[in-house]
Amino acid sequence: MKIKITLVSLFLCALGAAAQTKVEKIVPTKASGDGVTYFLPKTSFVVNAEITKVTVKAGPYYRYAERYLGVKDVATEDIVYHELGKITLQSKGIPDPDNMYRIEFRQKTVAPFACLTPDGLLCAINEVYVPEERPEDAKVDKGASTVPPASSVYTEDLLMAGSVARQAEVAAKQIYRLRESRTDILTGDADNLPPDGEAMKIVISKLEDQEKALTKLFTGTETRETAYYDVSIMPEDELEHEVLFRFSSKLGILDDDDLAGEPVYMNLTALERAPELDPKEAEKKAKLLKGAVVYNVPGRARVEILRNNRSILKRDVPVVQFGTQEALAPVILEDKKEPVKVVFYPETGAIRQITK
């Protein structure tokens, strides 16, 4: 089993979790022996973790927030911490070097071809492969606010105030004046009203931005930066409390062996497993697969991801390692007039559709 942690993206916005499968059409030739070589896949999993870094900075007037603004819950010191957000799971087919096969097309077959992924996974025979549409999990950047910095609304009175206490008092008065101006515009009591509705929206928006910028001098600021991490895992059998990665609110995501963070576990439990064959059955099966179009019949398993002994993701998925292999007789591909078309799931190597 292999586990790998990768930083996928920083500040991603609306990026899908899985890209479409790229497929290449392979037409056998005499040079290639009128055949196409392909791999069957093994099931791997990609666990994606959303990590948000939160940076909090205390405002210079936090001590006066309750006195002048009536606000109690404000930042009193600069801190940085991390949040573990959404966890997603994606199954992925990896070419299995121990399961490489060859499709031999006879000359009487009508226009034979196969569709393969760039790494050799079989997608279709005698049919153009079209990937299935899948719902994608959007990854949205939780970036910093667009509110202007407080320095942009410093007035001469605020800059000339001698002490921090005096500055806080002046800033608070500015906030109340901005609120009063906004109320006057909304109620129509202002001396110079905006000429139309669109201008009123712009003026109100500017007043609100100035108020927020000044308020942050008391309440502090918070910025959020979101990154995404992929953890790849290739199971050979069932897993119990396998550490995917560790997480620390101070340090963020960590390697699975870094004890500075709490572990995030993965369980993999077989729900449907192909029966083991005795030596005679295995020999008979090997003869059946020889010279045929071999495909996978996956088993099924339940994946569960846990944090603090609490399940945060649970899903039933097909798993090739718990399944078996079957064969399509080559004769079905040799119809002169109407060749059989077969479409596979490249992620599992299973048959998706057979048509004429």
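The following legends describe close-up views of a predicted model of one protein chain.

**Figure 1. Overview of the protein chain.**
The predicted model contains five helices and 14 strands. Of the 356 residues in the protein chain, 40% count as buried. Contacts between residues 24 or more positions apart make up 76% of the contacts with a separation of 6 or more. The accessible surface of the protein chain amounts to about 20,500 Å², and carbon and sulfur atoms contribute 50% of that area.

**Figure 2. Strand S8 and its two partner strands.**
Strand S8 spans residues 239–248, and seven of its ten residues are buried, leaving the strand mostly covered. With strand S10 (residues 262–272), S8 runs antiparallel and is joined by six bridges. In this pairing, phenylalanine 245 of S8 faces valine 264 of S10. Strand S9 (residues 252–254) also pairs with S8 in the antiparallel sense, over three bridges. Here phenylalanine 247 stands opposite isoleucine 253 in S9. S8 and S9 together form a hairpin, with three residues between the two strands.

**Figure 3. The largest nonpolar core.**
This core comprises 25 residues, and those with the most contacts inside it are Phe45, Leu84, Ile87, Leu244 and Phe245. The elements that supply two or more residues to this core are strand S3 (35–57), strand S4 (79–104), strand S7 (221–233), S8, S10, S11 and S12. Phe245, listed among the residues with the most contacts inside the core, is also the residue that stands opposite valine 264 in S10.

**Figure 4. The hairpin of strands S11 and S12.**
Strand S11 (residues 293–307) and strand S12 (residues 310–328) pair in the antiparallel sense over 14 bridges. Arginine 307 stands opposite arginine 310 in S12. Two residues lie between the strands of this hairpin, and asparagine 308 adopts a positive phi near 55°. Asparagine 309 belongs to the loop between S11 and S12. Although asparagine 309 is not a glycine, its phi is positive, at about 60°. Asparagine 309 is classed as exposed because its relative accessibility is 70%, above the cut-off of 50%.

Asparagine 126 is not a glycine, yet its phi is positive, at about 60°. Is this asparagine 126 buried or exposed? With a relative accessible area of 5%, asparagine 126 is buried.

**Figure 5. Cysteine 115 and cysteine 123.**
Searching the whole structure for disulfides gives a total of zero. Cysteine 115 takes part in no disulfide, and the nearest cysteine sulfur, belonging to cysteine 123, is 6.7 Å away.

**Figure 6. Alanine 171 and glutamate 211 in helices H3 and H4.**
Alanine 171 lies in helix H3 (residues 164–187), whereas glutamate 211 is placed in helix H4 (residues 197–219). Their C-alpha atoms are separated by 9.7 Å, although the two residues are 40 residues apart along the chain. Alanine 171 is buried, with a relative accessible area of 0%. Glutamate 211 is likewise buried, with a relative accessible area of 12%, a value under the 20% cut-off. Apart from residues up to four places away in sequence, glutamate 211 touches Ile175, Leu178, Arg179 and Arg182.

**Figure 7. The two ends of helix H5.**
Helix H5 covers residues 279–289, and at its start a side-chain oxygen of aspartate 278 comes to within 3.1 Å of the backbone nitrogen of lysine 280. Glycine 291 follows H5 and has a positive phi, near 80°.

How values were computed: Residues numbered from 1 in each chain as written. Heavy atoms only, no water. Buried < 20%, exposed > 50% of the residue type's maximum accessible area, 1.4 Å probe, protein only. Helix = DSSP H or I, 4+ residues; strand = E, 2+ residues; numbered from the N terminus. Pairing = 2+ DSSP bridges. Contact = heavy atoms within 4.5 Å. Areas by Shrake-Rupley, 256 points an atom, 1.4 Å probe, with all protein chains shown as cover. Core = buried A, V, L, I, M, F, W, Y, C linked by side-chain atoms within 4.5 Å. Polar contact = N/O pair within 3.5 Å; in protein donor to acceptor, adjacent residues only side chain to side chain. Disulfide = S-S within 2.5 Å.
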